Every structure is written in structure tokens, then in C-alpha cells.
Amino acid sequence: MARWLTVTGIGEDGFTGLGKAARHALLAASTIFGSQRQLDLLPRCIRGERHTWPSPFSLDALLAMRGEPVCVLASGDPMFFGVGASLARQLPSNEMLILPASSSCSLAAARMGWPLQDVVTLSVVARPIAALNAQLFSGVRLLVLSNDGQSPAAIAALLRERGFGPSRLSVLEHLGGEAERRIDGVANDWTDPQVADLNLIAIECIAESNTPRLSRLAGLPDSAFKHDGQLTKRDVRAITLTRLAPVPGELLWDVGAGSGSIGIEWMRAHPGCRALAIEADEGRQQLIEHNRDALGVPGLQLIRGSAPQALDGLERPDAIFIGGGVTRDGVLDTCWARLKPGGRLIANAVTLQSEMTLMAWREQHGGELTRIHIAQAQPLGDFDTWRQALPITLLDVVKPFDA
């Protein structure tokens, strides 16, 4: 099919800021889709029938016109957190012509004097602001696309709560237009000024002196998680995640997730990593929900139920961690059957019964068994001695491609 859809980026300068190709596409279009604000930027000479996006947002009406000359308006660069990215998941590239304008992040970086390649860009448009928690490191610069005029105050409050109150904020409104404005401040002193809905927040992260350092490498301190004792401890967690080997785009099942630490650190490894936390205990489910937001991975999906029944119908994983329930009938076999070929299965055992289960299962399916001994120096009178934690038996097995 020939190109029938043109996706045109438009800035605050409106129709006059568009290039020749974008103007011609709009003049030739029989139908134009966009937000009301974007459609209002078009002059009367544009005769195409104008459609605002439905709420909730849907591409159905647009896709029903496939083959007709249609134009879509998008803010700035359509492929940067824009409608162009949504369309690219629905249509082949040879049916679309993408004509980007300067993105708001490009304009903001220019206004701030920040090299764009050194900045972390995020969007909280219809997304939870808790995702910012995974990006908060002293010295990091963030450009955040706001959801509305309330976003700056909400983000300033989050920064204060997470120990980044000294961070400097700049709110940039209506970038590239006549109404462009900049508001500067510090999160600790943010006074919640009136802010336009169309804004972007530039943040220079500065941590308070006592703010914990939370690396993106595996093995966060146990104190970073709220838990009831059902937690894969720091050193064992680091070893386990190394064996799981997170890769961007892959899906993990964290079976018997407890406080969610394995799934959370899997997702912190890269923004493209995904995880399902399977947990039956209601109290621990609440801990998982708290921890995933506090540590910046609100996209971790909680599956409420017990394995193996709760595993029915879930997307097949690239890796599985079983932190609890290996002795329950069907758990290991169901996980193995659902694991993708080439995927990794890691299971930890503490009790003799669970260790025997892993040993017997290894006899059938292969893999490696590793015994982990961790000891910490603790006081004994006027001296120190080693206190041995319970040993952990770790099963590590990769599913053959012909299984």
C-alpha cells in the first residue's frame, strides 16, 4: 500500500513554523487528526475534516480510514513519546511519512545549555511519576515531559520525599511559542506557582548529605525494601540476579515474590526489562506495591495468587526466579514448561526439603547447583566473630532450544 498517512510535528509557532512538505500534506489531506489545541493552530485554508482524539485515546477511527489521504498532528517530534510511536506499532513504515519538528526536549536542552546526549529524558504523561525514583542520582540532569500544570508541584514533592530537596528545577512553558516562559526554583522551596498545562521540567538532581546511595547494579541494601523478613538478602540477591542476567526487553517471572526485591532489581537494570511478581500473601502484595514505586519501577505487574495455578495464561517468560514454593506440587514443572527455549530458571532453597527437591529435579533436567555461604562479623563480648547466615542452595539451569 502506498503512503497514505502523514504524521506532522507541529510546534507552538503553528502553521508558519512548518516546512513545505508538512504544509502540502495538510493541504492535501481529506482528514486531519489531532488535539484541539493542535487543530486550532491551523489556518482556514486547511480544508480537511478535523477530528480530535477520543477519550480514552484510540487509533481505531484513524485506522478505519486506511488508504485515504490522512494527516495527524503531533507535538514536536511524533516519534518521541508521541503518537508516531503508537502508530509505528500498528502500521508498516512504508505507509507513513513522518515529518518531525523540534522536540520539546531539544528546545529545553537548548534553553538550559545542556548537551542533550548527557540528559535523561522521561515522560509522566499519563504515567506514574514514581518512575522518576529510578533516575534520582546526584549530578544527573533530567528532562521530564509533564502531564499537566500540577506535575511540577508533584515532582518537587517527590524529590523532597526521596532526599533530593536541594535539586534545582526549571519549568519551561510553551516552548518555541510567543507565550514561552521559564520558572526556576529549588524543590525544597517550591511554592507551587501557577503553571501552564503544556510544560516541561528540567531537573538538576542534588541529594541531601544523608540520602542513601542506591546503585542500579544488583544488590541494593536490604534497608531499601520494606519487608516482613521474606526477602532475598543482599548478597544472595546479587548472585541470583547475576545468574538471571537481565537483558533489555526480556520478561521475568518472580515466583513467590515476597517483598518483590528480585523483580524490582531486574527492572532497575534497564528500562526495557519487564517483570511479573507472583505472590499469594496479601500483606506481601502491599509491600511489593510500595517497594516497586519507591524504587522507581511502577510498571512491575503484581499477580495475586499461588503458583502453579496463578501462572495460567501469563505471557511466557525469558527468565524465572523461584524464591519460594519449590516443594509445592507442579511449581517447578509448570515453570519449566512455560519458560521460553534458551531461558534461564533460577531457584533458591533454604530448607533440607526444598534442597532435596532441587537435587531431584536436577537429575532429570540438568543444570548447576551452587551452595552459598555468607558470614558477617558481629560482636562477641569484647571481640568479633563470624555469624553464619543460613546456607542457600541455588539451582541454575538453561532450557535447551529443542526442549
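The model is predicted: local features need pLDDT of at least 70 and side-chain atom pairs count only at pLDDT 80 or more, while totals for chains, interfaces and linings use all residues. Residues are numbered from 1 along each chain as its sequence is written, and side-chain values use heavy atoms, leaving out hydrogens and water.

**Aromatic rings**
- There are four aromatic pairs (rings of Phe, Tyr and the six-membered ring of Trp, with centres within 6.5 Å; planes under 30 degrees apart are stacked, over 60 edge-to-face, the rest tilted).
- Phe80 and Phe81 have ring centres 5.0 Å apart and planes at 75 degrees, so the pair is edge-to-face.
- Phe33, Trp53 and Phe57 form a cluster linked by ring pairs.

**Helices H10 and H11**
- H10 spans residues 331–338 and H11 residues 352–365 (helices are DSSP runs of H or I, at least four residues, numbered from the N terminus).
- Their axes lie 11 Å apart at an angle of about 40 degrees (lines fitted to C-alpha atoms over the stretch in contact; angles run from 0 to 180 degrees between N-to-C directions).
- Leu332, Asp333 and Trp336 of H10 make the contact (heavy atoms within 4.5 Å) with Thr357, Leu358, Trp361 and His365 of H11.

**A charge over Trp336**
- The charged end of Lys399 sits over the Trp336 ring, 5.9 Å from its centre (NZ of Lys or CZ of Arg within 6 Å of the centre and within 35 degrees of the ring normal).

Methods
Helices (H or I, at least four residues) and strands (E, at least two) are DSSP runs, numbered from the N terminus.
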